[in-house]
Amino acid sequence: DSACASSLTAIDLACQYLHQGQADTVISGGIEGNLGLETYIPFSHLGVLAKKNCFPFDKHTDGIFQGEGAALFVLKRLEDAVRDSLPILGVIENITASSNGSKASLFSPSFEKQKDIYQEMNQKLSHSPVHYIEGHGTGTPVGDSAELKALAEIFQNQKAPIYLGSVKSLIGHTKGAAGAAGLLKCLL
């Protein structure tokens, strides 16, 4: 259980199975289909639900919107997909995901853990500069601030602009499916 990164954890495991030869094709991703009252009550008690605006990474945001959805991917090794003349929508070179460690609550992530995960991601990249990051960006001022601060510190020396987005501004926070939804947004 890696919280909001659960679907990325599943995709990461699927990629490992492919690279280790344990599978030739894997279907992986995430599904969230629970917008019942039992999900609104705890988020309401925590004070993280948006009253009006969910604008991740924007000063006008006031919390999260919840969402439902599914994003599933058929994954193969690149050389197998090329050999089989399959359409290739994207290539996963690396996955870096984390539940980021919390301070006071799930919605108050640790700046230090955010910084660590972005540093790990930056070190794994085979090319530079970075042009786009699909962030976690829930729309909570505390969480988004920690993520922006960590990104700014890690990429402060990059000259080229980095565009930053969060699928949660479009479809809400799909919790365990959020990482897969973000990956789908990147592909689209």
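**Entry 1: a helix.** I took the expected span of a helix as 1.5 Å times one less than its number of residues. Helices here are DSSP runs of H or I with at least four residues, strands are runs of E with at least two, and both are numbered from the N terminus. This is a predicted model, so I kept in mind that local features need pLDDT of at least 70, side-chain atom pairs count only at pLDDT 80 or more, and totals for chains, interfaces and linings use all residues. Residues are numbered from 1 along each chain as its sequence is written, and side-chain values use heavy atoms, with hydrogens and water left out.

I then checked helix α5 (residues 141-154): its 14 residues should span 20 Å, and the end C-alpha atoms are 20 Å apart, which agrees.

Which residues of α5 are buried? I call a residue buried under 20% relative accessible area, exposed over 50% and partly exposed in between, using a 1.4 Å probe and protein chains only. My list for α5 reads G143, D144, A146, E147, A150, L151 and I154. These sit on the same side of α5, because they cover an arc of only 160° around the axis (the arc of the directions from the helix axis to the C-beta atoms). Their cover includes α4 (111-124), β3 (132-134) and β4 (163-165), with contact meaning heavy atoms within 4.5 Å.

**Entry 2: the cores.** I used "nonpolar core" for a set of buried Ala, Val, Leu, Ile, Met, Phe, Trp, Tyr and Cys residues joined through side-chain atoms within 4.5 Å. The largest one has 11 residues, among them I11, L18, A23, F73 and I95. Two or more residues come from each of α1 (6-19) and β2 (69-76), and α1 gives the most, with 4 residues. A second, separate core has 10 residues, including M121, V130, I133 and A150.

**Entry 3: the cysteines.** How many disulfides are there? I counted 0, a disulfide being a pair of cysteine sulfur atoms within 2.5 Å. The sulfur of C4 has its closest cysteine sulfur in C54, and at 12 Å that is too far for a bond. C4 counts as buried at 19% relative accessibility, and C54 is buried with a relative accessible area of 4%.

**Entry 4: a loop.** Last, I looked up T174, in the loop between α6 (168-171) and α7 (178-187). T174 counts as buried, at 1% relative accessibility. Leaving out residues up to four places away in sequence, T174 touches E32, G67, E68, G69 and A181.
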